[in-house]
Amino acid sequence: MEQFQPNANNILDVLYNKKPKYLPLYEHHIDIEFIEKFTGEELIGYRETEPEYFFKKVTEFWKNNTYDAFDFEAPICDVFPEHGAIMGGKLGPIQTRSDFERYPFDEIPRLFWEANKPTLDAIRKVLPTGMKAYGGCGYGIFESAQDLVGYENLCIMQYIDPDLFRDLFIRIGDLYVELWSKMIQEYSDIFIFFRMGDDLGHRTSTMLEPTTIINHILPQTKRIIDLVHHAEKKFLLHSCGNIFEIMPDIITLGIDAKHSNEDQIAPFDEWIKRYNGQIGLFGGFDVNLLSLGTYQSVYDEVLRKGTEYRRICKGYGLGSGNSIASYVSVDGFRGMIDAVKQIRRKEK
């Protein structure tokens, strides 16, 4: 059997909203616990102690399953002093103007690069021929605000202290510009495109009022998109939830592609109907299908729908609607991968 040779430029075509030479696979993330379950190898303990070995094994897994590129994000929120409010159950360190003024924002870049430079350098050393990463700096503008304040208190802050609410997002934007500028400058060679994940919606609507997102969050996101485009790179936005109401504004920012789709919000056909002519699209297959379906049921559905999505879309990469979590079925995942291989074979 001919061994798959990754070609990161193939998946990049989706960001140009044009049909790639062959159907690319895309995942926002594949949990290390899933990779361990799939391969039978222990990996988690090696990430900190032997990063080159760890990422050699991770990228081999993605390559062996015929991905042209793999995900990596250096997480910003993880280095925030008093990190954790984004997970719920606790308040963030910024609740008042005085909290904001004494928070050590100026220390975060140093903490971020100390934590992530060794990992990025390890990835550079072990990338398989033809393969690149996609990602960059992890977390989004809204997610960082949630981590610094807490979601419920952030919702309250916009009414009881609107000036602090405004200034918080601007300061987060300033921090992101500083981190992203260095990421783009020093690591563009390992990323085929850049990506920001910022979950702006839930099942029925946006997490904040649409006008609040448009006025406070999207202008900061645009600063990062402009940096990426200035460096002649492409930008993907990953955002979960029902964000149809603000999608026209998001597209106006200049995003090149969008990911995250759940059947309970809208079938993937709806995303294609609305946005196929404007941006590249990734995903298409609900995590529930991959988790609960048999090998054959997943294979049959991905073969049928994936063939159709490939036919009607301009730029399209196939994968789950969110990510491959640890609980996803190995059989379901294999069914998806094998169906994509069959779609490719049929086109030769």
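How do the residues of the lining of the largest pocket divide into nonpolar, polar and charged? They split into 21 nonpolar, 13 polar and 13 charged. Here nonpolar covers Ala, Val, Leu, Ile, Met, Phe, Trp, Tyr, Cys and Pro, charged covers Asp, Glu, Lys and Arg, and polar covers the others, Gly among them. Bear in mind that this is a predicted model, where local features need pLDDT of at least 70, side-chain atom pairs count only at pLDDT 80 or more, and totals for chains, interfaces and linings use all residues. Residues are numbered from 1 along each chain as its sequence is written, and side-chain values use heavy atoms, with hydrogens and water left out.

**View 1. A look into the largest pocket.** This pocket has a volume of about 1200 Å³. Of its 47 lining residues, His-28, His-29, Asp-199, Asn-322 and Ser-323 are the closest to the centre. Among the elements that give two or more residues to the lining are helix H2 (32-39), helix H4 (51-64) and strand E1 (69-75). E1 provides the largest share, 5 residues. (On a 1 Å grid over the protein atoms alone, a pocket is an open set of points where a 1.4 Å probe fits, with protein on both sides within 12 Å along at least five of seven lines; lining residues have an atom within 4 Å of a point. The volume is the space filled by probe spheres set on the points, which are joined across faces, edges and corners. Helices (H or I, at least four residues) and strands (E, at least two) are DSSP runs, numbered from the N terminus.)

**View 2. Over to the second largest pocket.** About 720 Å³ of space sits in here. The lining has 16 residues, with Glu-2, Phe-4, Thr-66, Arg-344 and Lys-348 nearest the centre.

**View 3. Ser-329, in the loop between strand E7 (316-320) and H15.** Ser-329 is buried, with a relative accessible area of 18%. (Buried means under 20% relative accessible area, using a 1.4 Å probe and protein chains only.) A polar atom of the Ser-329 side chain lies 3.1 Å from the backbone nitrogen of Asp-331. Skipping neighbours within four places in sequence, Ser-329 is in contact (heavy atoms within 4.5 Å) with Phe-34, Leu-290, Ser-291 and Gly-293.

**View 4. Two residues with a positive phi.** Most residues other than glycine have a negative phi. Asn-17 isn't a glycine, yet has a positive phi of about 55°. You'll find Asn-17 in the loop between helix H1 (8-15) and H2, buried at 9% relative accessibility. Ser-260, also not a glycine, has a positive phi of about 105°. Ser-260 belongs to the loop between strand E5 (257-259) and helix H12 (268-275), and at 4% relative accessibility counts as buried.

View 5. How many disulfides turn up in a search of the whole structure? The search finds 0, where a disulfide is a pair of cysteine sulfur atoms within 2.5 Å. For Cys-240, the closest cysteine sulfur is in Cys-77, 15 Å away, so that is too far for a bond. Cys-240 is buried at 11%. For Cys-313, the closest cysteine sulfur is in Cys-240, 19 Å away and again too far. Cys-313 also counts as buried, at 4% relative accessibility.

Conventions. Buried < 20%, exposed > 50% of the residue type's maximum accessible area, 1.4 Å probe, protein only. Polar contact = N/O pair within 3.5 Å; in protein donor to acceptor, adjacent residues only side chain to side chain.
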